[in-house]
Amino acid sequence: MDPISPTSLDDPLDPARQAVSAMLAERERNFSLPQPFYNDARLFALDMQEIFGKEWLFAGMTCEIPAKGNYMTLQVGDNPVILVRGDGGTIHAFHNVCRHRGSRLCVSDKGKVAKLVCPYHQWTYELDGRLLFAGSDMGENFDLSAYGLKPVHVRTGGGFIFISLAEQPPAAIDDFLITLEHYLEPYEMGNLKVAVESNIVEQANWKLVIENNRECYHCNGSHPELLNSLQEFDDTDDPRATPAYKALVAKKQSDWDEQQVPWQLKRFGKRNRLTRTPLLDGVVSMTMDGKPACRKLMGRLTSPDMGSLRILHLPNSWNHFMGDHSIVFRVLPLGPQETLVTTKWLVHKDAVEGVDYNPDEMRRVWDATNAQDKRLAEENQRGINSKAYQPGPYSETYEFGVIDFIDWYSERMQENLGNSAPHLQLVRG
């Protein structure tokens, strides 16, 4: 019998690769995916390997690690990751794994350190990943330079941090990052802070969480708090757009032009989308009363009436930037039917809690919306698990965003499967 190796341990997924490739090739477009994509453990393992293990993922905000030595951690499947601010303001990303015995280096969600020190045996690393100290017991000929931390690809733009766990990350996202910088320049992203954060676990596959976000078909019946402020659409070309909405858009766009604040719809394939759209007429923030949640505006903005700058990044983030505060969302899969949704509310770094903002009031709308979406996704999952489930049709009018997501997912999975498993070319070709 052949010995077990890391490579041979991938073999049990080979039949799943072929099945997934075939199902994606044969799927009916504009329909939901076959059942295994939402609940099968082997397919989830492929999602983590081919999507979350290779694509550019939203990890966090640069303002969360503002100074040298500040770090934050996250978990992508089985892979713990550290983001740390080093010399010259450089943000580094590493696998959160000591090169000695593999222990996690940083066990807190965030903190500040002079060096990265493993709590197990005190191996010590510089903030740029170099091993500085391994103790005298390793012998005088031990080569420190051979045991630096393993890096993770990291890119930043407009205050956002993106990582890729791939050996060779996918196509460059330079154009998107440049556009992020331009659209978020008015917010002076280095001068923001996280005012409050929530983490909820939804008992649903991560794709159902994203699908739910990519349409507002369900909003009228499910999100009364959100619809106190949010328009159900954000594009005047949307077939549901009313004359009143189009007139409001024209007025607000003129106002934003005067303030030199970007608003144009930008798309980067189906992965990334940015657009600034008005909230309901007379509403300036996603709060219960539509009034600002924070008295101190962000960046160089002089008016709270900035609508919402909506930013999409597949596979794991959507965001709303208003004049007084911003809301960023991150999705990380935990299991075939379990997903972590993290929400962070950002305000100007000089805003004072209890004086400029009340965190409980600031988060009320999205706490309610997140709880409602959790129930929707979990009920969706329960139904999909039934033997009666079969793929159903999406509405091209109301669910075009879901169609785009599923198309993006299918294209990336097919391409990544082909690149990581060359033998599939023979099977399929």
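Author: A disulfide is a pair of cysteine sulfur atoms within 2.5 Å of each other. The model discussed here is predicted, so local features are taken at pLDDT of at least 70 and side-chain atom pairs at pLDDT 80 or more, while totals for chains, interfaces and linings use all residues. Residues are numbered from 1 along each chain as its sequence is written, and side-chain values use heavy atoms, with hydrogens and water left out.

Reader: Which cysteines form a disulfide, and what is the angle about the S-S bond?

Author: By this rule the count comes to 1 disulfide. C216 and C219 form the link, and their sulfur atoms lie 1.9 Å apart. The link of C216 and C219 is left-handed, and the angle about its S-S bond is -110°.

Reader: Which residues of domain 1 lose the most area to domain 2?

Author: Buried area is the accessible area (1.4 Å probe) that two parts lose on being put together, summed over both. Domain 1 and domain 2 bury about 1,600 Å² between them, with 66% of it on carbon and sulfur atoms. Three residues together make up 33% of what the side of domain 1 buries, and those that lose the most are F58, C63 and F160.

Reader: How many salt bridges are counted between domain 1 and domain 2?

Author: A salt bridge is a side-chain nitrogen of Lys or Arg within 4 Å of a carboxyl oxygen of Asp or Glu. The side chains of E197 and K110 meet in one, at 3.9 Å from N to O. By this rule the count comes to 28 salt bridges, whereas between domain 1 and domain 2 the count is 3.

Reader: Which parts does the pair of R27 and D407 tie together?

Author: Helices (H or I, at least four residues) and strands (E, at least two) are DSSP runs, numbered from the N terminus. The side chains of R27 and D407 meet in a salt bridge at 2.6 Å, N to O. Because the two residues lie in parts that are 380 residues apart in sequence, the pair ties together the loop between α1 (14-26) and α2 (36-39) and helix α9 (residues 400-420).
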